Amino acid sequence: MHAAPIQHVVIVGGGTAGWMTAALLARALGKAVRIRLIESDEIGIVGVGEATIPQIRHINAFLGIDEDDMLKATQGTFKLGVQLNDFGRLGDSYLHAFSDIGLPLGLIGFHHYWLRQRQHDPSSDLWAYSLNTQAANEHRFARMDKVGDTPLGGIKYAYHFDAGLYGQYLRKRCDPAVVTRTEGKVVAVKLREGDGFIESVQLASGEIVAGDLFIDCSGFRGLLIEGALHTGYESWQHWLPCDRAMAVACARSEPLWPYTRATARTAGWQWRVPLQHRTGNGLVYASKHLSDDEASATLLANLDGEVIGEPRPLRFTTGMRRKAWQRNCVALGLAAGFMEPLESTSIHLIQSGISRLLAMFPDRHCDPLLVDEYNRQTRFEYESIRDFLILHYKATERDDTPFWRQCAGMDIPPGLVRKLALFRGHGQIFREREELFTEVAWLQVMIGQRIEPQAYHPLADVLEQAQLDGFLGDIRTLVGRAAASMPDHARFVAEHCLAGI
Ligand SMILES: Cc1cc2nc3c(=O)[nH]c(=O)nc-3n(C[C@H](O)[C@H](O)[C@H](O)COP(=O)(O)OP(=O)(O)OC[C@H]3O[C@@H](n4cnc5c(N)ncnc54)[C@H](O)[C@@H]3O)c2cc1C
């Protein structure tokens, strides 16, 4: 039994991280804990972050959120994956789709059969076996758990939404008896003598807010974890060279794509995120290779609709806090680290950080055993996502600009070297432990960016050629039919979750 249970949690920050944390802790811990959230309207939130990955549906379910209601409130649309353009070579395009591809047969993954087939038919398209891709190609969407009464998996989806509105939506769902919001600016942090735990924070109003556990959701500045505890930050800029973004919205255009578009540019890449009321756009770039003015001009020259407002610059250092949990302070969101939004992982990292914290929820002593385990798991998660992102830059044949030549020639972490060698040599991909991205995610980026395996699994040769043709042909037909049966994405949104209705 715990002699010193946590009774007061203080969250500093009311961006997506702050409100997700408040909502999830309140739901999980109930009235046993009082939560105080402090946010400063004067400082504001980062205000970008519109694309998500399917795991977000788990927390929405945990919070009892009705999906259509949430999408109405956040101007949301559905996301089937990320379309990556011009990364491997100029002119290349593929979808990193969330759904499965094909069906495993026997003991080996589907792609080994496809690799065998491609030797006979070089035009054989991996994505013909991906339901999400076939639906995305025609801008269709439906909630479809599986393909009819077949063993084929159905649509896997996430959302595009206005992250500011999502934060507000979560805020409204917090029980005011558990979560108290305070508008105010934290100006000082008091550490306890002896063990250096955070004792309290002081607001500009003079008010002192004490707590047992402090959650730092203060954004890039890391007010508690860095400002007060000097935890240190590990930069990964040498592997992920982009360090700035320019963001601007434009008018919504047709069609309403059910996917995020990412297009490589001369010194980075551009995102386009379709919402109901507008399209979010941004250029992520390396300041070593592109000035802010050039970035702004590139972005404005590549919008699909009339610009709304002025391009807004953002600066960041890719990497992670050396310890996301230090003493009685846990950093979540941008305060814990940042990796560029190419695979929309930041909001997910908030969610998984909160789940991990709940799994290891401490008492007031914050046993270093729990703290170390949290930090170990967090590091593994960040590093495996980092390696997946590096793959998008490293796997390129582009040599048209200094930026892409730098990416193609850079050294990469040993784990990624091993993954690439296994795939090149044997067509093998192994998901490590609980890493976020699955075999099928790695497969799509590797094939989509022209990493060519020299071999496939020997067991894929066991089928007769006619059996293989039948197996693949049946899947293509079922996937194609299922995709064609879905409504247009814009129509689906209009019927189910139109904002303002
Ligand atoms: C260019 C870019 C694109 C992105 N795109 C995506 C994406 O597509 N998908 C995705 O998942 N994520 C994306 N992200 C990340 C996403 O925006 C963040 O993970 C998310 O918004 C969480 O931010 P946050 O709450 O940690 O920080 P912030 O939004 O910066 O919030 C910080 C909070 O702390 C408060 N605060 C700060 N200092 C004080 C103080 N002294 N006193 C009181 N309060 C204070 C502020 O008022 C604010 O409420 C992107 C990020 C960037 C930079």
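Which helix is Ser352 found in? The close-ups below start there, and keep in mind that this is a predicted model.

**View 1. Ser352 sits in helix H9.** Helix H9 covers residues 346–359, and Ser352 is part of that run. Is Ser352 buried or exposed? Its relative accessible area is 12%, and buried means under 20%, so Ser352 counts as buried. Have a look at what its side chain is up to: the side chain of Ser352 reaches the backbone oxygen of Leu349 at 3.4 Å.

**View 2. Six strands line up in an open sheet.** Follow the order S7-S2-S1-S11-S20-S19, and you'll find that the pairing is mixed. At the edges stand strand S7 (179–183) and strand S19 (325–326). Each of these has a single partner strand, so one side of each is left without a neighbour in the sheet. Zoom in on strand S2 (residues 34–39), which pairs with S7 in the parallel sense over 5 bridges. To pick out a bridge here, find Ile35 and its partner in S7, Val179.

**View 3. Helix H1 lies across several strands.** This helix takes in residues 16–29. The strands it lies across are S1 (8–12), S2, S7 and S11 (213–216). Compared with S2, helix H1 runs at about 170 degrees.

**View 4. The largest nonpolar core has 170 residues.** Those with the most contacts inside this core are Val9, Ile35, Phe78, Leu131, Ile155, Ile215 and Tyr393. Which helix gives the most to this core? That's helix H10 (residues 368–394), with 9 residues.

View 5. A polar backbone atom of Ser40 is 2.9 Å from an oxygen atom of the ligand. For Leu334, a polar backbone atom is likewise 2.9 Å from a ligand oxygen atom. With Glu50, a backbone N or O atom lies 3.5 Å from an oxygen atom of the ligand.

**View 6. Three strands make an antiparallel open sheet.** The order here is S12-S18-S21. Strand S12 (233–235) and strand S21 (337–338) are at the edges, and each has a single partner strand, so one side of each goes without a neighbour in the sheet. Between S12 and strand S18 (residues 319–321), which run antiparallel, there are 3 bridges. Check out Tyr233, whose bridge partner in S18 is Arg321.

Methods
Residues numbered from 1 in each chain as written. Predicted model: local features only at pLDDT ≥ 70, side-chain atom pairs only at ≥ 80, totals over all residues. Heavy atoms only, no water. Pairing = 2+ DSSP bridges. Helix = DSSP H or I, 4+ residues; strand = E, 2+ residues; numbered from the N terminus. Contact = heavy atoms within 4.5 Å. Axes fitted to C-alpha atoms, helices over the stretch in contact; angles between N-to-C directions. Buried < 20%, exposed > 50% of the residue type's maximum accessible area, 1.4 Å probe, protein only. Polar contact = N/O pair within 3.5 Å; in protein donor to acceptor, adjacent residues only side chain to side chain. Core = buried A, V, L, I, M, F, W, Y, C linked by side-chain atoms within 4.5 Å.
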